[in-house]
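This report examines how parts of a protein chain are arranged. Please study the sequence and the model below before reading on.

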Amino acid sequence: MIDRAEFAQLVREALANLYDFAALETHPLAVLLPKLQGQPKSRADCLREQLLRAIEQLQPPDRALPTNAPEWRPYLILYGRYVEGLSLRELETRLSLSERQLRREHARALQALTTLLWDELAPGSSPLERDEGPSSERWNHNLRSFEITHESLDPVEVLQGVIRTFQPRAHLEGAEVHLALPEPLPRVLADRVMLRQILLSLLGYALETHADGPIVVTAEAQPNQVMLMVQFQADELSWGDIEEERASLEAARYSAQRLNLTFQEAHVPESHHVRLSLTLPRADQPTVLVVDDQEPAIRMFRRFLSHTPLHVVGVQDGAQALPLARRLQPSVITLDVMMPRVDGWEILQMLHTDPETQHIPIIVCSIWDEPELAFSLGAAEFLKKPITQRDLLAALTRLKLLDTSAEPPPTDFSG
């Protein structure tokens with residue numbers, strides 16, 4: 001489920017792309033806004049209208065106040081920055097504010113806008129804590145339509161599409177974006193929509209903070225992974241270290257965390273060279289699909305296998321296990337038994353009898369000591385909870401997914 005911090009990042013990112021049709025059309029916020037559904041307009045147009053309406057609501061109730069009154073600042077800052085496209089320095093001059101004042105007022109304005117949208121979508125409380133009801137069901141329905149999906153992607157195709165989307169915005173700013181890719185690049189494993197949004201956010205940050213010279217997008221194939229990079233020379237006097245200018249970068253960082261991708265930001269102070277890198281698993285890397293309704297358990301498997309060539313993909317909704325297994329074709333599936341709605345035994349039977357997944361070995365993980373039942377239903381291995389790293393590696397070795405030299409690091413994690 002989405003939380004308040006992630007929602008705030010989505011709002012900032014959408015504002016930064018207010019007039020970028022392609023970016024708004026595929027933006028996660030377009031899925032979360034209930035008013036967008038069932039309308040003839042495009043998602044991009046509806047999302048833009050929703051944001052503009054929210055900005056208009058920030059005008060003070062007393063319109064007779066002079067426009068230099070503090071009550072006008074949230075509206076004037078957001079309207080000038082995102083609707084008119086003024087730079088922060090231009091806003092300083094227009095509003096007669098110091099850099100520090102504008103930074104503070106800008107942050108307050110963004111917070112106010114986020115609160116307006118959040119309260120409209122989830123009145124009264126967080127969607128993680130609210131009572132069930134019609135509006136809760138609507139919110140949950142919208143979030144389910146924005147489930148993260150893992151699929152095999154051609155990174156060259158994704159990067160070319162992102163560059164095409166971003167070029168008009170770059171041209172308006174007089175910037176050049178160059179794509180320099182080696183041939184060939186292996187396919188990667190990621191969510192297409194979220195990967196595009198991350199890359200657009202990185203390019204947005206580069207556009208805001210770069211000096212003269214091109215923004216270069218490149219990539220590098222590495223063992224078991226592919227690194228995508230955005231490189232540029234930063235403006236020595238840029239606002240790149242100010243919170244508002246880093247909104248796109250923080251949105252990218254947050255989304256990368258959700259996808260379990262590695263994001264890094266590197267600076268060379270002497271030359272002002274900046275490199276933003278995103279590391280994705282290769283699609284041809286052996287994959288372990290972890291089916292468990294508890295996120296800490298999925299993180300535990302990632303820790304246990306972090307030193308191996310195996311890539312972990314986790315799914316908490318048991319109903320998604322079969323379609324995800326069909327699409328990913330993982331090397332092995334670990335399956336928790338105690339899950340809501342559909343339990344592990346039902347999932348095991350579905351996986352074992354489906355022609356597209358019956359060849360995939362399944363490791364049943366349960367607090368109940370029932371290996372005979374697991375094997376009778378088609379499991380290849382059984383691990384009793386709490387699971388240790390050594391037991392997991394031993395099971396994967398027996399399944400010939402790891403060689404016999406696969407030893408856990410000195411410090412073993414327990415389940």
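Which residues have the most contacts inside the largest nonpolar core?

## The nonpolar core

The model discussed here is predicted. Its largest nonpolar core has 41 residues. Those with the most contacts inside this core are Leu195, Leu203, Val230, Phe232 and Leu276. Two or more residues each come from the helices α9 (155-172), α10 (192-209) and α11 (247-258), and from the strands β3, β4, β5 and β7. Helix α10 gives the most to the core, with ten residues.

Val230 illustrates how such a residue is surrounded. Apart from its neighbours within four places in sequence, Val230 is in contact with Leu202, Leu203, Ala206, Ile215, Val216, Val217, Val274, Arg275 and Leu276.

## Strand β5 and its partners

Strand β5 comprises residues 225-233 and is mostly covered, with seven of its nine residues buried. Strand β4 (residues 215-222) runs antiparallel to β5 and is joined to it by seven bridges. In this pairing, Val217 has Val230 of β5 as its bridge partner. The hairpin of β4 and β5 has two residues between the strands, and Asn224 takes a positive phi near 70° there.

Strand β5 is also joined to strand β7 (residues 273-281), by nine bridges, and these two strands run antiparallel. Gln231 stands opposite Arg275 in β7.

## The buried side of helix α13

Which residues of helix α13 are buried? In this helix, which spans residues 321-328, they are Ala321, Leu322, Leu324, Ala325 and Leu328. These residues lie on the same side of α13, because they cover an arc of only 165° around the axis.

After α13 comes Gln329, which has a positive phi near 50°.

## Cysteines

How many disulfides does the model contain? The count comes to zero, where a disulfide requires a pair of cysteine sulfur atoms within 2.5 Å. In general terms, a disulfide is a covalent bond between the sulfur atoms of two cysteines.

Cys46 counts as buried because its relative accessibility is 2%, under the 20% cut-off. Cys365 is likewise buried, with a relative accessible area of 3%.

Conventions:
Residues are numbered from 1 along each chain as its sequence is written. This is a predicted model: local features need pLDDT of at least 70, side-chain atom pairs count only at pLDDT 80 or more; totals for chains, interfaces and linings use all residues. Side-chain values use heavy atoms; hydrogens and water are left out. Buried means under 20% relative accessible area, exposed over 50%, partly exposed in between (1.4 Å probe, protein chains only). Helices (H or I, at least four residues) and strands (E, at least two) are DSSP runs, numbered from the N terminus. The arc is that of the directions from the helix axis to the C-beta atoms. Two strands pair if DSSP finds at least two bridges between them. A nonpolar core is a set of buried Ala, Val, Leu, Ile, Met, Phe, Trp, Tyr and Cys residues joined through side-chain atoms within 4.5 Å. Contact means heavy atoms within 4.5 Å.
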